[in-house]
Amino acid sequence: MALILLIILLPLLGSVLLPLLPRSLRGHVGRWALLPPGVCFLLSLTYLPAISRGDTFHYTLSWFPTLGIQVSFWIDGLSLLFALLISGIGVLIIWYSHYYSIEEHRPRFFAYLLFFMGAMLGVVLSSNLIALFVFWELTSISSFLLIGFWHTQEAAVYGARKSLLITSLGGFALLAGIVLLYEVTGTLELPELAQHAEAIRMSSLYPAILGCIVIGACAKSAQFPFHIWLPNAMAAPTPVSAYLHSATMVKAGLFLIARFLPLLSGTQAWMYAVSGIGMLTMLVGAALALQQYDLKALLAYSTISQLGLIMALYGFGTAGGVRAATFHLFNHAAFKGALFLLVGIIEHVAGTRDRRALGGLARGLPVTATLTGIAALAMAGVPLLNGFLSKELFYEASLEMLVWGRWAWVLPELAVVGSLLTVIYALQIFHGVFFGQAPKELANALHDPSAGMLLAPAILAGMCLLMGVFPAPLEALVLAPAVSSIAGQDAWQPLAIWHGFTGPVLMSAVALVGGACLYGYARPLRQAMPSMPVRWPGLSIDALYDRGMAALDRTGLFLMGFLQSGYLRWSLMLLLSVLILSFGVPFIAKAGGALGPLDLGSVEPFEAVLIALLMAGAVAVAWARQPLMAVLTLGLVGLLVSLLFVLLQAPDLALTQLLIETTSLILFLLVLRFLPPFGREALSRWGRCRDLGIAIAVGGLVVVLLLVANSESLYPSIAHYFLEQSLTLGGGRNMVNVIVVDFRGYDTMGEITVLSIAAIGVYALIKLKRG
Amino acid sequence: MSSLILITVARLIFFLILLFSLYLLLRGHHSPGGGFIAGVMTALGILLEAIATDLRDVRLVFRVDPRLLIGVGLLTALTTGLVALLLGYPFLTSTFGHVHVPPLGDLEIATAFFFDLGVYFVVVGGTLLMMITLAEE
């Protein structure tokens, strides 16, 4: 139990502690930040033997037991694969970031990275869907913080905002999907949900559930048409792009799809929605990647394309599809992570990421060139590298789909086209940058960076090579359990580097040879390609987003002017009118009739006198012509109420009332000289009648509310319970206090939070006004 | 506009008010009192001193930043809730026990008291922050 909690808490704790490092250790902050992911990685490894035997672990901590919400964790093959990816690549990214040029706010940068890591580990290890959702949103927030890290740059601010809006829109859909799932099954625990798979698929809510979950996953994993946030996210520092926006966070959507695959797949709707979107995204992403000159933008679109491929494979829902998808997910993390880090190095050395300004770098940067070659060719699917194996599985899975239906024949075709485009842009990165003529502007004396900076991409590229030649150990330990936790036992079949002249090999050959031949014609190809943003700028999704945002701004401004006119009396009038119309009228109509006749016989004479005085005081407040007079009369009313509490034997309330009365009197006196003079004469007769009407209506509503609350006719009173249990359960004889700090402690927690926010609000308003 | 009478009286009763507010805080679980009332009273006591001396001395005497108090209070309250959670009970579960201290006799210690202490700090900090900010205007 403690172990798995530690895996999530360590990075979060690290992110809190890092900025507190003493100044003398600040220079090594990147080294200290290695600690949490390193330990997390080792801790995750300890689960490996048991998981690869097929065990799973499930732990529960209660959170809101009455609502069925608990913090529970689940480790199976899939979550362990992700945990290892997140913590393992996390170590490499943090190691690399130490060398990456971030001059300012280094501790903050590493703190954000660790914050993300904790949140992401929470997503993949959560078993309760509400907990998963909370962590899911936390990853969006950390991504927002990291994209906007260079917050003085316009592009960073734009990208951060865009990503947050789109991914949290997806998060909203996901939450709706979770609620619907709960409606159908009555549980929020993933392992329990698995037993209800049939009921979910038969339910009339199934299309809605599927839609919500798929939208959530697509927004997170940058699937068409939500892909537009990912290219703008490239404004983040490069290690962030490598980590969040290619290796891990954007895979959260795929993780979600994989998690829900046993529950939701097996229907036509699943197949059409998930693989349709995936295939479309794969083609759109690849086509757009060809048109990019900025290497990071190229990698961003290529990431979109590869994510689409994996999505499509999960959409197949077959064992073969899941196998290929999971394997490719792992491979993509390795080669794409490496490529991003290497582009970071190229930018670091050459000072530009523009493809047109780069060339012939292989002479000066032999090591960087070799590593880029391995990673890019792995992406292209060249034999003896890991990408080749997962592409083979991809072709195989698409051929298996041929039996599926009339239109299934397009799948293998599309698979080959997508891969062919991949080969072209992989060559653009490798051949275009490192070979050919070096542009004149480029200095001649370029050379490889330090070994430390090369280490992280070297390890990732090494993984590509290792997995391509010798996949067996990792396959048995990590991938097989992950696949069988999605698609059931025995879904995994051992990989083979060569299995004869079969269909997949032929498809690979077509894609590789075709891509290599077409690489030379990349420019005309690019011009021939239909491109929405270029041909019809007004119709592109980006333009739609921008227009939507502008409309939102305008609406916000209009509403702001209407609701917050700057006059307190206008705001009050709106608030009270809405209260009366939306709640008061129906409430009185419904509950007012249920009230019995009023029994005024039990009112003592002194109570009657006091209440008469109170009413007179209230009228006097409204009548006062000077602000000071009104404030003092109001104080008098408050003191009378306090006296009433004493007479009704409520010392706690009386004391509180007395103190609050004093406090508000002082507050009023402090702000009195800022108040405008009373404008009674300025109000027309009609205006005064309107105000009187509202006042009477609100007063009447409160009276009815009190009478209903006191009549005990709707619900039995819980006062007796509190009276009996306050000493035995709460250990206090003062029932009021026990209610406040114990029985209703949650309310109090909320109230003191509100008080804090109000106080800070007052402080901010006054201090900001001064400019 | 500080008056000598006000200053003298304020200095005299300042400590009385603080003592009384602490008394209210400690007895709150059994008799009228509690963190909220005690907090307001403490803040009012400090404010009285502040108004009497025209705010100059308040920063000198009362060195703690009210904003910090708010944070400390919220954290204290939250921690009592989290401790329960870590021990496997629902968030904010409270318990109590009895200790025997020779001269005082039987003393009850309730974990809810720490929660109340958090309320006390938030109220002192919040009230002071609002009032001092407004008074400085």
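**Figure 1. Domains 2 and 3 of chain A in the predicted model.** In this predicted model, the centres of domain 2 and domain 3 of chain A, taken over C-alpha atoms, are separated by 57 Å. Domain 2 covers residues 268–529 of chain A, and domain 3 covers 716–771. Domain 1 is written in two segments, 1–166 and 235–258. For the complex, the predictor reports an ipTM of 0.89 and a pTM of 0.76.

**Figure 2. The largest nonpolar core.** This core holds 204 residues. A:Tyr314, A:Ala375 and A:Cys464 have the most contacts inside it. Helix α17 of chain A, residues 319–350, is the element that gives the most, with 18 residues. Domain 1 and domain 2 of chain A each supply at least three residues to the core. In soluble globular proteins, nonpolar side chains tend to be buried together.

**Figure 3. Surroundings of A:Cys464.** Which residues are in contact with A:Cys464, leaving aside its neighbours within four places in sequence? They are A:Ala334, A:Phe335, A:Ile374, A:Ala375, A:Ala378, A:Leu385 and A:Asn386. A:Ala375 is also listed with A:Cys464 among the residues with the most contacts inside the largest core.

**Figure 4. The contact between chains A and B.** Chain B brings 39 residues to the contact, and chain A brings 36. On the chain B side, the elements giving two or more residues are α2 (35–52), α4 (66–86), β2 (105–110) and α5 (112–136). Helix α5 of chain B gives the most to this side, with 14 residues. By type, the chain B side divides into 25 nonpolar, eleven polar and three charged residues.

**Figure 5. Chain B on its own.** Chain B has five helices and two strands. Along the sequence they follow the pattern α-α-α-α-β-β-α. The chain has 137 residues, and 42% of them are buried. Take the contacts in chain B between residues at least 6 apart in sequence: 65% join residues at least 24 apart. The average pLDDT of chain B is 82, and 90% of the residues score at least 70. Where pLDDT is low, the predicted coordinates should not be read in detail.

**Figure 6. Helix α29 of chain A.** This helix spans residues 627–647, 21 residues in total. From first C-alpha to last it reaches 31 Å, close to the 30 Å expected at 1.5 Å a residue. Which residues of α29(A) are buried? They are A:Val631, A:Leu640 and A:Ser642. These buried residues pack against α28 (605–623) and α30 (651–671) of chain A. Just after the helix, A:Gln649 takes a positive phi of about 60°.

**Figure 7. A:Asp553 in helix α26 of chain A.** A:Asp553 sits in helix α26, residues 541–563 of chain A. Is A:Asp553 buried or exposed? A:Asp553 counts as exposed because it has 10 C-beta neighbours inside 10 Å, and the cut-off for exposed is 12 or fewer. A:Asp553 and A:Glu607 are 54 residues apart in sequence. In space, C-alpha to C-alpha, A:Asp553 and A:Glu607 are 55 Å apart.

Notes. Residues are numbered from 1 along each chain as its sequence is written. Chains are lettered from A and ligands numbered from 1 in the order in which they are written. This is a predicted model: local features need pLDDT of at least 70, side-chain atom pairs count only at pLDDT 80 or more; totals for chains, interfaces and linings use all residues. A nonpolar core is a set of buried Ala, Val, Leu, Ile, Met, Phe, Trp, Tyr and Cys residues joined through C-beta atoms within 7 Å. A residue is buried if 20 or more other C-beta atoms lie within 10 Å of its own, exposed if 12 or fewer, and partly exposed in between; C-beta atoms are placed from the backbone. Helices (H or I, at least four residues) and strands (E, at least two) are DSSP runs, numbered from the N terminus. Domain bounds come from an automatic or database domain assignment. Two residues are in contact if their C-beta atoms, placed from the backbone, lie within 7 Å. Ala, Val, Leu, Ile, Met, Phe, Trp, Tyr, Cys and Pro count as nonpolar, Asp, Glu, Lys and Arg as charged, and the others, Gly among them, as polar. The expected span of a helix is 1.5 Å times one less than its number of residues. pLDDT is the predictor's confidence in each residue, from 0 to 100.
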